[in-house]
Amino acid sequence: MIGGGYVGLVSGTCFAEFGTDVAIVETSPDRLAALREGRIPIYEPGLDRLVEDNVAAGRLTFGDDIAAAIKGVDAVFLAVGTPSRRGDGQADTSYVYAAVEQVARAADGYTLIVTKSTVPVGTGREIARIVREIRPDLDFEVASNPEFLREGNAIQDFMRPDRVIIGTDQHKPGDTTRAQDILRRLYRPLYLLETPIVFTGLETAELIKYSANSFLAMKITFINEIADLCEKVGANVTDVARSIGLDGRIGKKFLHPGPGFGGSCFPKDTRALTAIGRNAGSPVRLIETTVAVNEARMQAMAARIIAFAGGDVSGLTVGVLGLTFKPETDDMREAASITILDRLDRAGAHIRAFDPAGMETARAVLPAAVTYCRDAVAVAEGADLVIVLTEWNEFRSLAPDKLKKRMKGRKIADLRNIWDPQAIRDAGFDYISLGRPEPEDCLKTTD
């Protein structure tokens, strides 16, 4: 497994749990040292124990020598980063191709190169071209095996997936039976659980991942816009979402309004898919709009908070519950909190924040003036306004009276709809949420 980041570490560890011997190659000295010492550099529930067990069993090792790691293996997985390229949103595949060059030079026999990284359509063909150019003598195949791991639920997603996608070069002279057989053996524990294993061509497998993530991102954006509409017409988005989600053709997941989607996948993959469409002369206009609407929404949420505060937050203390883009992760990549808190900071607010897992990663991307608190209740100390940005479960059970005793003001902006509006208002708060009816005397905002 080339790459000991989120995808590589989770996938490699889970393969080891299946009983496979896995060598994870990590070139970052700090990350490698942490892994060797048993310190997990990412937050993922249950991963630390799984790593510890498989290292102890001798099935999981960590190193930085690609040649040593791939000697005699059945497959080499590429799980390196493919961040958005600045300027055009295309996925940066330079790390993938750099890893491929090293693998090609080090390979000592038949080599199956499998992309776990999310890569643009055509990457598998380019990998094959690079390998042939460097090692025309090498017997090799290329496959695509995209991951569908949700942060906070990644182990379960790997162990009990909805499906496994395996793409091979169907235009290759001869057949791809060997590559398919290797990957089928690796995933045999899932096959025994009757997990659907879908075999496709390279291009199809590469496009599946982008299509799936972009569809889910579009679903989130859809319900966010419906929430805005609900506020205008007096409807309740909770009931709308629940009712349309009961339609088997739609499903209930990803129908929860919020301040906009973030994270390591949806923003990057939607931009990449729009770039793929542009380059192919077949623009994906729905996804282009999804990207634009989502980016505008985060700014609109900041404006809504300022309007709720009376149009000016200068000198006010704002308490913030949750910073990460979603609960059960420490990931701050493209989190809504970055845009919203930057706007509030520039508007002169004093920000107090708490997140159960993300405060260390938040320090690098949030304004320097943010004060980080020891717990959720401490956030409310002297606050004129409290806002909810991430729906951590521990916030749901937070007693309103505990906040009230600490707060200076009585305003709560719940951008995740985690609390019952009537209960919060009965406790004496001026409360707003997303897409849910408000009493006539509550402050209305149109931004």
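What is the volume of the second largest pocket? The views below are of a predicted model, in which local features need pLDDT of at least 70, side-chain atom pairs count only at pLDDT 80 or more, and totals for chains, interfaces and linings use all residues. Residues are numbered from 1 along each chain as its sequence is written, and side-chain values use heavy atoms, with hydrogens and water left out.

**View 1. The second largest pocket has a volume of about 1200 Å³.** A pocket is an open set of points on a 1 Å grid over the protein atoms alone where a 1.4 Å probe fits, with protein on both sides within 12 Å along at least five of seven lines. The volume is the space filled by probe spheres set on the points, which are joined across faces, edges and corners.

**View 2. The lining of the second largest pocket comprises 43 residues.** Lining residues have an atom within 4 Å of a point. Gly-5, Tyr-6, Val-80, Gly-81 and Arg-333 lie nearest the centre of the pocket. Helix 5 gives the largest share of the lining, 4 residues; helices are DSSP runs of H or I with at least four residues, and strands are runs of E with at least two, numbered from the N terminus.

**View 3. Glu-334 has a positive phi, near 55°.** Glu-334 is in the loop between strand 8 (317-321) and helix 14 (336-346). Its relative accessible area of 34% makes Glu-334 partly exposed, a class between buried (under 20%) and exposed (over 50%), found with a 1.4 Å probe on protein chains only.

**View 4. Asn-417 has a positive phi of about 55° although it is not a glycine.** Asn-417 is buried, with a relative accessible area of 14%.
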